[in-house]
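Student: Hi! Could you walk me through this one, a piece at a time?
Tutor: Happy to. Let's get it on screen and start with a sheet.

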Amino acid sequence: MDRIRIVGGNELNGIIPISGAKNAALPLMIASLLTSDTLTLENVPHLADVELLMRILGNHGVDVAVNGRRERQEDGYSRTIHFTCRTIVDTTAPYELVAKMRASFWVIGPLLAREGQARVSLPGGCAIGTRPVDLFIEGLQALGASMEIDGGYINATAPKGGLIGARYVFPKVSVGATHVMMMAATLARGTTVIGNAAREPEIVDLANCLIAMGAKISGAGTSTITIEGVTSLSGARHRVLPDRIETGTYAMAVAMAGGDVTLENTDVALLDTALESLRRAGADISPTASGIRVRRNGGGIRPVDIVTDPFPGFPTDLQAQFMALMTRSGGISHITETIFENRFMHVQELARLGAKISLSGQTARIEGVEKLKGAPVMATDLRASVSLVIAGLAAEGETLVSRIYHLDRGFERLEDKLTRCGAVVERISD
Ligand SMILES: CC(=O)N[C@H]1[C@@H](OP(=O)(O)OP(=O)(O)OC[C@H]2O[C@@H](n3ccc(=O)[nH]c3=O)[C@H](O)[C@@H]2O)O[C@H](CO)[C@@H](O)[C@@H]1O
Ligand SMILES: C=C(OP(=O)(O)O)C(=O)O
């Protein structure tokens, strides 16, 4: 199994191109199930999750054509991909595929809206909490669907004549359930109003693509989204928005290792809260014409407390990376995780590098240390894995990160992007 070897101690200097967002590309690809025309997506990152979703969509009858591969290598292998689903050939999403990636469960919305039925396995995904699907069930029930759990699958059936628009207020903010409800409602009869909707930029990106396909949606990016159902959607061409989690991850890597890096093809507005926390920690951050310049020269890392929250709060997907940074701060910081109850799997691995972290409920107390020392580590989820890479950049000697298939789910050309900025990072294939 591949591992990543990092020799710490080098500053990062140069340019890192930011890829299209995994968490936008996935729902956008799924939206191709809503139309018999071609949906063309530009800036699709080359990631294991994207490849897997292509297979899952193929199973439902989506024809996938890739072009533009490596058309601009500097942009990070982003590809333009055409998705065409003339007819849905299978409304079942099997366990073998859905168990590997949680977002694949989201096909339930378009399948139900277009075909009136779906049989979708209960999902898997990163091991960061129990991650139930009650909100999806309640939301789709509000649109008139009958939802039954049978043998690990959800059998969903729309009323005769299709889903019916309704007003539904989520009892808790959910990104996935908002994506699904929004997609399902585009083809429902009448108007749907989603209350307490997720406001993440990826929701806005999906809404913009659906609008380009002919959907009538207003309010995406606020907590109330209104969707007026239409009878059919057409094809469209849409560019996937920049990955704000990848952006924040590299910004934290620079803050950790020191240096001066410009993150290209991204936007400060996508991660205000996280960048503000980084500024308080001592990084110098400024917007450029096409991205963000991050610097930390000389000064130490200051301790900063954070609490994760739905957008526009501090993203849970950057919590592990920020914790890695705080292990080298000049004091004590606290990190509280409010989204996922089991998202501290990186704590014991960071401890192998010499970090001093104690946990009390959902809060970690991090006592900054003078130095970290390289060690073999492994991670059990995507963002935890990259937090170990960040720690390794500042650790003395060699850090070997195993189980890096997690990293390949969400970081395009990670070792290449870091190496070009002066880090010593290499993939070892055993
Ligand atoms: C592919 C993708 O975009 N994944 C992101 C998405 O995951 P995902 O969409 O799975 O996360 P949600 O926003 O749905 O989860 C938020 C919270 O709601 C809970 N919940 C969710 C659904 C439900 O039916 N019942 C329920 O209780 C979850 O267990 C969690 O505690 O948003 C998360 C929160 O920003 C990110 O960490 C993930 O990277
Ligand atoms: C948790 C994540 O992904 P998923 O929702 O697919 O498990 C993530 O992107 O950090």
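Tutor: Strands E7 and E9 (residues 153-157) run antiparallel and are joined by 5 bridges. Strands here are DSSP runs of E, at least two residues long, helices are runs of H or I of at least four residues, and both are numbered from the N terminus. Two strands pair if DSSP finds at least two bridges between them.

Student: Before we go on, where does the model come from, and how are things numbered?

Tutor: This is a predicted model, in which local features need pLDDT of at least 70 and side-chain atom pairs count only at pLDDT 80 or more, while totals for chains, interfaces and linings use all residues. Residues are numbered from 1 along each chain as its sequence is written, and chains are lettered from A and ligands numbered from 1 in the order in which they are written.

Student: Thanks. In E9, what is the bridge partner of Val120?

Tutor: That is Ile154. Ala118 stands opposite Ala156 in E9. Val120 is also the partner in E7 of Ala93. Strand E6 (residues 92-93) runs parallel to E7 (residues 117-121), with 2 bridges joining them.

Student: What order do the strands of that open sheet have?

Tutor: The order is E6-E7-E9-E8, 4 strands with mixed pairing. E6 and strand E8 (146-150) are the edge strands, each pairing on one side only. Helix H4 (residues 108-115) packs on this sheet and touches E7 and E9, and the direction of H4 makes about 160° with that of E7. Contact means that C-beta atoms, placed from the backbone, lie within 7 Å. Angles run from 0 to 180 degrees between N-to-C directions, with axes fitted to C-alpha atoms, for helices over the stretch in contact.

Student: Is H4 mostly covered or uncovered?

Tutor: Mostly covered, as 7 of its 8 residues are buried. Buried means 20 or more other C-beta atoms within 10 Å of a residue's own, exposed means 12 or fewer, and partly exposed is in between, with C-beta atoms placed from the backbone. The buried residues of H4 are Ile108, Gly109, Pro110, Leu111, Leu112, Ala113 and Arg114.

Student: And what do they pack against?

Tutor: They pack against helix H1 (22-31), E7, H5, E9 and H6. After H4 comes Gly116, with a positive phi near 80°.

Student: You mentioned H5 and H6. At what angle do they pack?

Tutor: Helix H5 (residues 134-142) and helix H6 (residues 175-186) pack at about 20°, and their axes are 9 Å apart. H5 and H6 are therefore roughly parallel to each other. For that label, angles under 35 degrees count as roughly parallel, over 145 as roughly antiparallel, 65 to 115 as roughly perpendicular and the rest as oblique.

Student: Which residues make the contact?

Tutor: H5 gives Leu135, Phe136, Gly139 and Leu140, and H6 gives Ala177, Val180, Met181 and Ala184. By class, this contact of H5 with H6 has 7 nonpolar, 1 polar and no charged residues. Ala, Val, Leu, Ile, Met, Phe, Trp, Tyr, Cys and Pro count as nonpolar, Asp, Glu, Lys and Arg as charged, and the others, Gly among them, as polar.

Student: What about H10 and H12, how far apart are their axes?

Tutor: The axes of helix H10 (residues 319-326) and helix H12 (residues 382-394) are 8 Å apart, at an angle of about 25°. H10 and H12 are therefore roughly parallel to each other. Their contact has 8 nonpolar, 2 polar and 1 charged residues.

Student: New topic: which residues are on the covered face of strand E5?

Tutor: In E5 (residues 79-84), Arg79, Ile81 and Phe83 form the covered face, and Thr80, His82 and Thr84 the uncovered one. In a regular strand the side chains alternate between the two faces of the sheet. Ile81 is the bridge partner of Leu41 and also of Val66. E5 pairs antiparallel over 5 bridges with strand E3 (residues 38-44), and strand E4 (residues 63-67) also pairs antiparallel with E5 over 5 bridges.

Student: Last one, the loops. Why does Phe311 count as buried?

Tutor: Phe311 counts as buried because it has 21 C-beta neighbours inside 10 Å. Phe311 is in the loop between strand E18 (306-307) and H10. Leaving out residues up to four places away in sequence, Phe311 touches Ala198, Arg199, Glu200 and Pro201.

Student: And Asp267?

Tutor: Asp267 is partly exposed, with 17 other C-beta atoms within 10 Å. Asp267 sits in the loop between strand E15 (259-264) and helix H9 (272-280).

How values were computed
Two residues are in contact if their C-beta atoms, placed from the backbone, lie within 7 Å.
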